Amino acid sequence: MSNPTHDPFYSSPFGPFYRRHSPYMVQPEYRIYEMNKRLQTRTEESDSLWWDAFATEFFEEDATLTLSFCLEDGPKRYTIGRTLIPRYFSTVFEGGVTELHYILKHSKESFHNSCITLDCDQCTMVTQHGKPMFTKVCTEGRMILEFAFDDLMRIKTWHFTIRQYRELIPRSILAMHAQDPQVLEQLSKNITRMGLTNFTLNYLRLCVILEPMQELMSRHKTYNLSPRDCLKTCLFQKWQRMVAPPAEPARQTTTKRRKRKNSASSANSSVGTTAGKKRSPATNFSLSSQGLH
């Protein structure tokens, strides 16, 4: 029996080496292709450890993910940090999505400040929904990705601006329920809002509260303090930063002036010593010449 083919870039999230086996430089668009393949390997048993490993492979430790779109009550913009990114992708599937992948067309790449920026004005997020009914949703917009220019080439910033979306239902489903007006009315209703499920939208609203609390959570884990003590220490440190006078620039200027004075005095003294050394042979020569005569 022949061994089944495996993805050469895949390793178990529970293994000791959940990274690509050898570092190599690839195009940024190919990294999105790798991410799509990784999302295809997701199963119903994929837990938080799997999603943490997924985020570790494709996102930097200080990465941010931003979504911009317009709802009925106005424009929305949500930005979440690295610790909340794994949960964001998992909520997409928990909202009824069975498949997720991104399509980039006519993307442009630019290099600056040791980063590679991928700008795609025709990006499509394709999701397959299994419930409440089989629907394919194409969410179109502009994707701007910033990658770290290193061996791992992970994402530093992710910004997806949604412009429009389309929900597609197979004709076979419409033909099956052509004689049932109630089902047809249900099929005519959208199952997403701007291509996002209510499950994901609720999580993004929750992130508005969770994101500022990341500092409190990390302090609680590090120092094992109570929530009240964590809040007190954070507020006290911020108050110290606001009240503390900016005295460092003045100190730097005074030290620079002292260094300049010291260097000038040392230069003058060195000039005097060298001049004295130059005159001493002349005096010795005159005395010796007088003795000879």
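A pocket is an open set of points, on a 1 Å grid over the protein atoms alone, with protein on both sides within 12 Å along at least five of seven lines, and its lining residues have an atom within 4 Å of a point. The model shown is predicted: local features need pLDDT of at least 70, side-chain atom pairs count only at pLDDT 80 or more, and totals for chains, interfaces and linings use all residues. Residues are numbered from 1 along each chain as its sequence is written, and side-chain values use heavy atoms, with hydrogens and water left out.

**View 1. The largest pocket holds about 300 Å³ of space.** Its volume is the space filled by probe spheres set on the grid points, which are joined across faces, edges and corners. Of the 17 lining residues, Ser-46, Trp-51, Arg-87, Ser-90 and Glu-94 are the closest to the centre of the pocket. Two or more lining residues come from each of α2, α3 and β3 (97-105); helices (H or I, at least four residues) and strands (E, at least two) are DSSP runs, numbered from the N terminus. Helix α3 gives the largest share of the lining, 5 residues. By class, the lining has 4 nonpolar, 7 polar and 6 charged residues. Here Ala, Val, Leu, Ile, Met, Phe, Trp, Tyr, Cys and Pro count as nonpolar, Asp, Glu, Lys and Arg as charged, and the others, Gly among them, as polar.

**View 2. The largest cavity holds about 60 Å³ of space.** A cavity is a set of grid points where a 1.4 Å probe fits but cannot get out. The structure holds 2 cavities of 30 Å³ or more. Residues that line the largest one include Val-92, Met-125, His-129, Leu-196 and Thr-200. Strand β5 (residues 115-129) gives the most to this lining, with 3 residues. The lining has 4 nonpolar and 5 polar residues, and no charged ones.

**View 3. Helices α1 (residues 28-40) and α2 (residues 48-58) cross at roughly 170 degrees, with their axes coming within 11 Å.** The axes are lines fitted to C-alpha atoms over the stretch in contact, and angles run from 0 to 180 degrees between N-to-C directions. The two helices are therefore roughly antiparallel, a term for angles over 145 degrees. Arg-31, Glu-34, Met-35, Arg-38 and Leu-39 of α1 meet Trp-50, Trp-51, Phe-54, Glu-57 and Phe-58 of α2, where contact means heavy atoms within 4.5 Å. This contact has 6 nonpolar, no polar and 4 charged residues.

**View 4. Phe-59 and Phe-89 form a tilted aromatic pair.** The whole structure has 14 aromatic pairs. Rings of Phe, Tyr and Trp (its six-membered ring) pair if their centres lie within 6.5 Å; planes under 30 degrees apart count as stacked, over 60 as edge-to-face and the rest as tilted. The centres of the Phe-59 and Phe-89 rings are 6.0 Å apart and their planes lie at 50 degrees. Phe-59 belongs to strand β1 (residues 59-71) and Phe-89 to helix α3 (residues 85-94), 30 residues apart.

Notes. Angles under 35 degrees count as roughly parallel, over 145 as roughly antiparallel, 65 to 115 as roughly perpendicular and the rest as oblique.
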